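Colleague: Hi! Could you walk me through this structure?

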Amino acid sequence: MPAPRSEGRPGGPGERRALLSRGARGPGRWRRAAGGAVLLVEMLERAAFFGVAANLVLYLNSRNFRWSGEQASRATLVFLGASYLLSPVGGWLADVYLGRFRAITLSLLLYLAASGLLLATITEDGRRSFCGEMPQVPLGPPCPRSHCQSSWPSPYCATTLYLALLLLALAASSVRSNLTSFGADQVMDLGRDATRRFFNWLYWSINLGAVLSLLIVAFIQQNVSFLWGYSITVGFVGLAFFTFLFAAPVFITKPPTGSQVSSMLKLALQKCCPWLWRQHSARDSESVHLLPGQRSPQPSLSPQEDMANFQVLVKILPVMVTLVPYWMVYFQMQSTYVLQGLHLHIPNIFRASPINSSGVLRAENNYRIPEAWLLLANVVVVLILVPIKDHVIDPLLLRCKLLPSALQKMALGMFFGFTSVIVAGVLEKERLQYIAANKTVSQQIGQDLYYAAPLPIWWQIPQYLLIGISEIFASIPGLEFAYSEAPRSMQGAIMGIFFCLSGVGSLLGSGLVALLSLPGGWMYCPEDSGNINKCRMDLYFFLLAGIQAVTASLFLWIARHYEKTGHRAATQNSSSQDRG
């Protein structure tokens, strides 16, 4: 297998590429080919990721495991959050030991192993091997009291499933943090506009993978079997792995250059806790000399560069931290939005829906529209609007000098996220009114029975459309902001922090669900046995909207201060150049 090209060796391919790029168009084509290969790998990896996440609530809620709605929703939020929260781990390993190419290769191998473990839990023999026998709990009538003990205090197979999901999250986070910056490295020398367009098309590829997964995998999981559905996701990961290896000859790679984490931590300690810094420097005088004065044997940045990078990090972090509540809202579309959709009327497709004598819609003679297809409303918005934004809207606004900054776009994205969760809360309030009036529809999805309100599931489309629009304005400019505002020596670290804080938002959403699931909380309804008809998820949505509104106001204040500081620094630099 040919090795990827290495950048920066005198007389090597990196120098040859640099010389050719001054006058020939060939290297530009190779750069675009390398970027295209990265986009293809990203699309396949995202197809596998969404194949796991889209119906995870339904999988854990099925009769194979019988997790409650709250337990399944919490596990999904933990998986989504960990897949972002662990991003700095993969970035750090790539920076210090592996380099991005090897880190991505090893991460895809781990992806294959973890998805195979999840696949093994689908079969009865696999569950018996990894989880033991499911405890048999006799079914009884619904609990007549408001405070009953749950039938399932500990979810079946939780250890194995959480292990598989956390390994998948680690692999996905490492691929995400390294593949994003690895792809941007391929086109970086083509100019800033090429980098901006790469991030637009990166997001387009992510959502194309989501369409592929939701149209095929989600349908098969819900209407055929999870065994076939999760087998396809393993195939996606394998195809991504071999595509990445076969494209290695056109990639530009960089060796590991070390991490600035220790330098940043030392500077933070020196600024925040001087007395602790003095104690530390007294114990380890040699290390303190390496930071401000001497150079280590390995190539490193000067103290002035370290301080400048630290100041940039201090400026960027408040902007990214105030995005966390937006991610709390964003990840609802793959957890509580799905749970809400399972309790709305889901129509049948392809065949008529015969009703048996008990009044239950039978699933074995027809196919139901997969609830996860509602995510397509979000995805289609991104697929349609990203090319329009890239080819029409952005160039037009740029010519008119009206192109908003990345921070202004992010604030607009927060507003659309706020409206999405408000719409979800209003719909849930309306759904609960039907439940209170005892107007329910018994519908069987797969092998499981749900008591749904007669409202069609199409009423969820507005909240998915709004969250899709918010993604275009908050997430894509957020990626561009993290990559472009960071010093070149810290781009990998800051991209990792950006994804990590996305995961913090998902885990905070999971923690909020867990807190509200305690006795007396809005999400505490163990007598529902997997249904949410006696929960108050509408109040949970309105609480999220309130948190988003407060932090959006704080974000606007921080963004205004950030842009004023940047404008002042640019003015000072230009005036100093004029004087020079």
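Here is a short chat about the model shown above.

Colleague: What kind of model is this, and what pLDDT does the protein chain average?

Modeller: This is a predicted model. The protein chain averages a pLDDT of 75, and 72% of its residues score at least 70.

Colleague: Where is the pLDDT below 50?

Modeller: One such stretch is residues 8–26, which has 16 contacts in the model beyond near neighbours in sequence. Residues 284–298 also have a pLDDT below 50, with 17 contacts of that kind.

Colleague: Okay, new topic. How many helices and strands does the protein chain have?

Modeller: There are 20 helices and seven strands in the protein chain.

Colleague: And how many of the residues count as buried?

Modeller: The protein chain has 580 residues, and 53% of them count as buried.

Colleague: What share of the contacts with a separation of 6 or more comes from residues 24 or more positions apart?

Modeller: In the protein chain, that share is 81%.

Colleague: Let's look at a helix pair. How do helix 5 and helix 7 cross?

Modeller: Helix 5 covers residues 87–120 and helix 7 covers residues 158–187. Their axes come within 7 Å and cross at roughly 135°. That angle is why helix 5 counts as oblique to helix 7.

Colleague: Is that crossing left-handed or right-handed?

Modeller: Helix 5 and helix 7 make a left-handed crossing.

Colleague: Which sorts of residues form the contact of helix 5 with helix 7?

Modeller: That contact has 22 nonpolar residues, eleven polar ones and three charged ones.

Note on methods
Residues numbered from 1 in each chain as written. Predicted model: local features only at pLDDT ≥ 70, side-chain atom pairs only at ≥ 80, totals over all residues. Heavy atoms only, no water. Axes fitted to C-alpha atoms, helices over the stretch in contact; angles between N-to-C directions. Helix = DSSP H or I, 4+ residues; strand = E, 2+ residues; numbered from the N terminus. Parallel < 35°, antiparallel > 145°, perpendicular 65-115°, else oblique. Left-handed = near helix turned anticlockwise from the far one by under 90°. Nonpolar A, V, L, I, M, F, W, Y, C, P; charged D, E, K, R; others polar. pLDDT = per-residue confidence, 0-100. Contact = heavy atoms within 4.5 Å. Buried < 20%, exposed > 50% of the residue type's maximum accessible area, 1.4 Å probe, protein only.
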